[in-house]
Amino acid sequence: MPVTDVAIDKIKDMIISGELAPGDRLPKEAELAQRLGLSRSSLREAVKALCLIRVLDVRQGDGTYVTSLEPNLLLDAMTFVVDFHRDDTVLDFLAVRRILEPAATALAALHMSDDDITELGQLLGELEDSPTVEALVANDLQFHRKIADGSGNPVLCSLLDSLSGPTARARIWRGLTQEGAVAKTREQHSAIYEAIAAREPELARSWATVHVAGVEQWLRNALGTADDPTTPDLTAEAS
C-alpha cells in the first residue's frame with residue numbers, strides 16, 4: 001500500500017477503536033508520526049486527505065481535531081462527488097431517490113413534530129400562482145428537505161440532500177418544458193402534506209413514490225429511453 005494510505009488507515013483505526021473520539025485533538029505531528037511509525041510528510045498527506053472528507057479539522061495555530069463525525073458532515077463529501085455526475089446518469093440518481101424518499105416520507109408521517117408539520121403546510125402557501133422555475137424548484141427542495149429532516153434519521157436525510165443536485169437539474173428541465181408541471185407539483189405536494197398531517201405513513205409513502213416516479217418517467221421519455229426493455233414501468237410501480 002502507498003505510505004499515505006497506510007497513514008490514513010492508522011489514524012482511522014485510532015478513531016474506530018475509540019482512542020480518538022469526536023472533538024479530540026490529535027497529538028502533535030512529531031509525536032504522532034513517531035508513535036505510528038510514519039514519516040512526518042506521509043502523516044501530513046494523510047491529515048490533508050482526512051480533512052477533505054471532513055474526518056479531521058486543522059485549526060491554524062491550535063492543532064488538528066477529529067470532527068463531530070455527524071452524518072451530515074461526513075456525507076457532505078459525497079455531495080461534492082455527486083456534483084461530478086454526467087448528465088446521462090441523472091436517471092440513476094432519480095432511481096435511488098425513488099427508493100429513499102418514499103421511506104423518508106413514511107417515517108416523517110410517524111415522527112415529524114406537529115410544529116414542523118405546520119411549517120410544512122406553510123411552505124405550500126408560499127409559492128406564487130405563477131412562480132418562476134427557479135422559485136418552484138427552490139420551494140420543492142425546501143419541502144422535501146423538511147420532510148427528510150422530519151424522518152428522524154440523519155443518515156437518510158443526508159443521503160437525500162446529497163442527491164438533490166442532479167435531481168434538481170432534472171426538475172428545472174421539467175419545469176421549463178412540461179406543460180402543467182407547476183399544477184402537478186402543487187397537487188402532489190398537497191397530497192404528501194395531507195398524508196403526513198393525517199399520520200398515514202403508507203399513504204405518504206405512495207404519494208412520494210408517485211411524485212418522484214413522475215419526474216423520472218418524464219425524463220426517461222425526454223431522453224428517449226421509455227421503450228428500453230430494461231426500463232421499469234414507473235407508473236405501475238407508483239400506483
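## Salt bridges within and between elements

Glutamate 202 counts as partly exposed, because its relative accessibility is 48%. In this predicted model, its side chain meets that of arginine 205 in a salt bridge, with 3.1 Å from N to O. Both residues belong to helix α12 and sit three residues apart, about one turn of the helix. Arginine 205 is partly exposed too, with a relative accessible area of 31%.

The whole structure holds 15 salt bridges, and some of them reach across the sequence. Take aspartate 62 and arginine 25, whose closest N and O atoms are 3.9 Å apart. Aspartate 62 is in the loop between β1 (56-59) and β2, while arginine 25 is in the loop between α1 and α2, so this pair ties together parts 37 residues apart in sequence. Aspartate 62 has 31% relative accessibility and counts as partly exposed; arginine 25, at 44%, is also partly exposed.

Another such link joins aspartate 116 to lysine 146, with the closest N and O atoms 3.6 Å apart. Here helix α7 (residues 114-126) carries the aspartate and helix α8 the lysine, so parts 30 residues apart in sequence are tied together. Aspartate 116 is partly exposed at 25% relative accessibility. Finally, Glu29, Arg40 and Arg44 are linked in a network of salt bridges.

In soluble globular proteins, nonpolar side chains tend to be buried together. The largest nonpolar core here has 18 residues, and Ile11, Ile15, Leu43 and Leu56 touch the most other members. Helices α1 (3-16), α2 and α3 each supply at least two residues of this core, with the largest share, five residues, coming from α1.

A second, separate core has 13 residues, including Leu120, Ile192, Ala195 and Ala204.

## The largest pocket

If you are looking for open space, the largest pocket has a volume of about 300 Å³. It is lined by 14 residues, of which Pro27, Glu29, Val47, Gly63 and Thr64 are the closest to its centre. The elements giving two or more residues to this lining are α2 (29-36), α3 (40-52) and β2 (63-66), and α3 gives the most, with four residues.

By class, the pocket lining divides into six nonpolar, two polar and six charged residues.

The largest has a volume of about 150 Å³ and is lined by 13 residues; Glu101, His144, Arg145, Leu160 and Ser164 lie nearest its centre. Two or more lining residues come from each of α6 (90-111), α8 (133-150), α9 (154-162) and α10 (164-177), with α8 providing the largest share, four residues. The lining has five nonpolar, three polar and five charged residues.

The second largest cavity has a volume of about 90 Å³. Among the residues lining this cavity are Leu136, Asp140, Arg171, Arg174, Thr185 and His211. Helices α8, α10, α11 (181-197) and α12 (201-223) each give two or more residues to its lining, which has four nonpolar, three polar and three charged residues.

Technical notes. Residues numbered from 1 in each chain as written. Predicted model: local features only at pLDDT ≥ 70, side-chain atom pairs only at ≥ 80, totals over all residues. Heavy atoms only, no water. 1 Å grid on protein atoms, 1.4 Å probe; cavity = no way out; pocket = protein on both sides within 12 Å on 5 of 7 lines; lining within 4 Å. Points joined across faces, edges and corners; volume = space filled by probe spheres on them. Nonpolar A, V, L, I, M, F, W, Y, C, P; charged D, E, K, R; others polar. Core = buried A, V, L, I, M, F, W, Y, C linked by side-chain atoms within 4.5 Å. Buried < 20%, exposed > 50% of the residue type's maximum accessible area, 1.4 Å probe, protein only. Salt bridge = Lys/Arg side-chain N within 4 Å of Asp/Glu carboxyl O.
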